[in-house]
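Here is a short briefing on one protein model and its ligand. Look at the structure first, then work through the points below.

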Amino acid sequence: MKRFLQKWLWKRREKETTNDLPGRLLRKLAPKRTRFAAVDIGTREIKMVEISATGGKTEVTAFCRVPAPVGELGEAVYEEALVNALCDMVLSSGIQTKEVITTIGGNKTITRHIHVPALPDRELEATVRLEAEKFIPAAVGELTIRYLKLGETNRAGERYLHLLLVAAPTTVVYDYYGVFTRAGLIIAAIDLEAFSLWRVFGGLETSTAILDIGASKTQLLVVRDGVLQFTRTIPAGGDLLTRSLAEHYGLTFQEAQRVKEEEGELLGKEDATISSTAAMQVDFSLRYGLSGLIREIRRSLDFYATQYNAAAIERFIISGGTSKLKGFREFFAEAMETPVDSGAPGIYGLPEYREEAVSYDPTCAVVLGTALREVAG
Ligand SMILES: Nc1ncnc2c1ncn2[C@@H]1O[C@H](COP(=O)(O)OP(=O)(O)OP(=O)(O)O)[C@@H](O)[C@H]1O
Ligand SMILES: [Mg+2]
């Protein structure tokens, strides 16, 4: 368990080299791993993928999506349902590796961007701890804290480091570990959703905002010239639209979700004159739900704009289930007055992927990016 915690996030490799000599030697003798599996436990769906990377070719070898149980980690019934779902997914997807990488996101982690004077690594640890204490609420208990150097800037002749701080309650890390172990899987590492998306969509030469709009949350990141500039989890997603439909039509959440996914459509200007009253009512209700989501996205982008070195967003890439809503891309481009591309992983990202020319469902951007963690290095 201790070794697993040390493997948390990107510190994995450095830590291993310092205090795990026998393990290191064994790994050197073992054949190089070519298969990598990832699991994304979303609010609406669990996604599992396995990729194989051999001879410069990366391809998906197993894939599975199932509805996620409702609940929170720490709740026995929810955890039991998760274990069962993971067991079923292993069987039905046919993944061969038992080692998986997963992500922690949403309200389970606290992330902050900070700029601190450049210091040697040992002194940096202490500075990071001090900074972390400023923004972490006293009530969260024991935390696992990590940081990643995103870049360096020069201000009035002084060198500053741009760091991303990540803190997660240690209990959450243990809960994840317990659930996967009970399903016969081993967590090889825990990643951040933002990094997974950065891997899949981040190799662009513009100032791009990437938004993975799920059910309960939206992961925002801004990437410029391939460098991660900003990341934030917005606690709003497609559930806002479902609730709006449910209230409007007096439906249950499940019924409203079905209506949204199967019949939901945002009408364009030219559709307005030819559409039925029923379609116009659905459009109205969806727009009502979307107004809350757009407000939250704007607020986060406004916050990014106040950050040191921020640049205007030249384009958006959208992924996640809510990006599949008919008419959403056009609606969002109009709302943001900026070009918007649909993020079907497989079109953007690694050159190997581009050659494969396979488009995966936009809900799978996170899980594919997570599986690519070891491939992308
Ligand atoms: N065709 C569709 N039209 C509209 N909404 C859709 C469609 N397909 C899926 N959705 C919505 O997308 C959301 C699920 O997307 P996704 O799988 O990316 O979320 P998740 O990863 O499970 O959740 P989260 O990331 O918030 O924890 C749900 O709100 C679902 O209703
Ligand atoms: Mg998600």
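Helices (H or I, at least four residues) and strands (E, at least two) are DSSP runs, numbered from the N terminus. By that rule, Ser 285 lies in helix H10. This is a predicted model, in which local features need pLDDT of at least 70, side-chain atom pairs count only at pLDDT 80 or more, and totals for chains, interfaces and linings use all residues. Residues are numbered from 1 along each chain as its sequence is written, chains are lettered from A and ligands numbered from 1 in the order in which they are written, and side-chain values use heavy atoms, with hydrogens and water left out.

**The ligand site**

- A residue is near a molecule if one of its heavy atoms lies within 4 Å of it. Ligand 1 is surrounded by 19 residues. The closest are Thr 43, Arg 44, Ser 216, Lys 217 and Glu 261.
- A polar backbone atom of Arg 44 is 2.8 Å from an oxygen atom of ligand 1. For Glu 45, a backbone N or O atom lies 3.0 Å from an oxygen atom of the ligand. Ser 216 has a polar backbone atom 2.8 Å from an oxygen atom of ligand 1.
- Taken alone, ligand 1 exposes 660 Å². The protein buries 93% of that. Such areas come from the Shrake-Rupley method with a 1.4 Å probe; for residues, only the protein chains shown count as cover.
- Strand E2 (45-54) and helix H9 (253-263) are the elements that give two or more residues to the shell. H9 supplies the largest share, three residues.
- Domain 1 (2-109 + 167-202 + 349-376) and domain 2 (205-343) each provide at least three residues of the shell. These bounds come from an automatic or database domain assignment.

**The nonpolar core**

- A nonpolar core is a set of buried Ala, Val, Leu, Ile, Met, Phe, Trp, Tyr and Cys residues joined through side-chain atoms within 4.5 Å. Buried means under 20% relative accessible area, exposed over 50%, partly exposed in between (1.4 Å probe, protein chains only).
- The largest core has 30 residues. Leu 211, Ile 297, Phe 316, Phe 328 and Phe 332 have the most contacts inside it.
- Several elements supply at least two residues each, among them strand E9 (207-213), helix H8 (239-249) and helix H11 (328-336). H10 gives the most, with eight residues.

- Is Ser 285 buried or exposed? Ser 285 counts as buried because its relative accessibility is 0%. Ser 285 and Thr 242 are 43 residues apart in sequence, and their C-alpha atoms are 9.2 Å apart in space.
- His 113 lies in strand E5 (residues 110-117). At 13% relative accessibility, His 113 counts as buried. Its side chain makes a polar contact with the side chain of His 162 (2.9 Å). A polar atom of the His 113 side chain also lies 2.8 Å from the backbone nitrogen of Thr 231.

**Two loop residues with positive phi**

- Most residues other than glycine have a negative phi.
- Ala 156 has a positive phi, near 50°. Ala 156 lies in the loop between strand E6 (143-155) and strand E7 (158-169). At 88% relative accessibility, Ala 156 counts as exposed.
- Glu 337 has a positive phi near 50°. Glu 337 lies in the loop between H11 and strand E13 (340-342). Its relative accessibility is 74%, so Glu 337 counts as exposed.

Terms used
A polar contact is a pair of N or O atoms within 3.5 Å; within protein, one must be able to donate a hydrogen and the other to accept it, and residues adjacent in sequence count only if both atoms are side-chain atoms.
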